[in-house]
Amino acid sequence: MALQASKVQVGDTYTQKLTDDLSRTQIVQYAGASGDYNPLHSDEIFTTKVAKYPTVFAHGMLTMGMTGRMVTDFVGDGRLTAYGVRFTRQVWPGDALTATAKVDAVREEDGKNLVDLSVTTVNQDGDVVVMGKATAKIDP
Amino acid sequence: MAAKKFPVEAGHIMMFARAVGDPNPIYHDAEAAADTEPGKTIAPPTFYQASAQFDPEYFLRPRIGEPWFGSGKEPTGVPPTRTGGDGGTGLHAEQRFEYFRHVSPGETLTLKTRPGKSWERQGKRGGNLKFSENITEYYDESGELVVRATGVGVRTEKVVESD
């Protein structure tokens, strides 16, 4: 079900829990599916001994992809016209993530109804891990 | 470099949707997808990045018979001069997608890549930060632009410390 311009208001929010406990295995799944095998995301020995991080961490694109589920669940299948984020903080195994969309504008452009959203995903400490914007076509 | 051709496959979409934790049937059940508004399976919003699978020279995938910078016998299979020895790393700072339509299995996309803007900024934690944009445009078989992806990479001079 797509959103309807007549039923959505600036300031409305939609929140979805993405994970309670991000596993290293899900990060490996993402490496396999995306093709990004950077050892920083799966190879503990390389990441701690060579790159000097405390442990492996999620691909930014995994967090963006997980957050995308919240966005498409909110606006409907095939409705997105734009989606972009900044990666503001690393996501570590064990993190719990919650994503929220907030309606910034409901507008018309070239006869189409559009909604502009702010998108934010936070970890268990409330720290923002990705933040960005999305735009979707909605029904009148 | 990037992939030149990106065949969009149903199994790939299913695996990608699983990896990002999205159980929406439109990504893995063709029958259920037929009852949705698009009427068929479509790619999830960030799937386009997985075109890396079809880049024969993608640097973040081990290449057959060549040393790999991840661990094996040693913590890295490649001498540490790669980063200048200071532990600095390249990270993904930002990613944007513009969708002109959403693609489905069976399509083959053609990619065109070009550099975008680049700039520098003094970071609080990681020393000098060098940003650069890379733009990838995905065209369908009739030559229509379907998706434009803009990635922003950042190189840090030191390891980024977590708080």
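Modeller: Happy to: read along the sequence, chain B follows the pattern β-α-α-β-β-β-β, which gives 2 helices and 5 strands. Helices (H or I, at least four residues) and strands (E, at least two) are DSSP runs, numbered from the N terminus. This is a predicted model, where local features need pLDDT of at least 70, side-chain atom pairs count only at pLDDT 80 or more, and totals for chains, interfaces and linings use all residues; side-chain values use heavy atoms, with hydrogens and water left out. Residues are numbered from 1 along each chain as its sequence is written, while chains are lettered from A and ligands numbered from 1 in the order in which they are written.

Biologist: What share of chain B counts as buried?

Modeller: Of its 163 residues, 44% do. Buried means under 20% relative accessible area, exposed over 50%, and partly exposed in between (1.4 Å probe, protein chains only).

Biologist: Now the helices. At what angle do H1 of chain A and H1 of chain B pack?

Modeller: About 150 degrees, for residues 24-34 of chain A and residues 10-19 of chain B, with the axes 8 Å apart. That makes H1(A) roughly antiparallel to H1(B); angles under 35 degrees count as roughly parallel, over 145 as roughly antiparallel, 65 to 115 as roughly perpendicular and the rest as oblique. The axes are lines fitted to C-alpha atoms, for helices over the stretch in contact, and angles run from 0 to 180 degrees between N-to-C directions.

Biologist: Which residues meet there?

Modeller: From H1(A), Gln26(A), Gln29(A), Tyr30(A), Ala33(A) and Ser34(A); from H1(B), His12(B), Met15(B), Phe16(B), Arg18(B) and Ala19(B). Contact means heavy atoms within 4.5 Å. By class, that contact has 5 nonpolar, 4 polar and 1 charged residues. Ala, Val, Leu, Ile, Met, Phe, Trp, Tyr, Cys and Pro count as nonpolar, Asp, Glu, Lys and Arg as charged, and the others, Gly among them, as polar.

Biologist: And what do the buried residues of H1(A) pack against?

Modeller: Helix H3 (60-75) of chain A together with H1 of chain B. Those buried residues are Gln26(A), Ile27(A), Tyr30(A), Ala31(A), Ala33(A) and Ser34(A).

Biologist: How do H1(A) and H3(A) sit relative to each other?

Modeller: They pack at about 95 degrees with axes 10 Å apart, and are therefore roughly perpendicular. Gln26(A), Ile27(A) and Tyr30(A) meet Met61(A), Leu62(A) and Met66(A).

Biologist: Switching topic: is Gly132(A) buried or exposed?

Modeller: Gly132(A) is buried, at a relative accessible area of 16%. It lies in strand S5 (residues 128-138) of chain A. Leaving out residues up to four places away in sequence, Gly132(A) touches Gly84(A), Val85(A), Leu117(A), Ser118(A) and Val119(A).

Biologist: Last one. Which residue other than glycine has a positive phi near 65 degrees?

Modeller: Lys52(A), in the loop between helix H2 (44-50) and H3 of chain A. Lys52(A) is exposed, with a relative accessible area of 55%. Asp110(A), not a glycine either, has a positive phi of about 50 degrees. You'll find Asp110(A) in the loop between strand S3 (97-109) and strand S4 (112-122), exposed at 71% relative accessible area.
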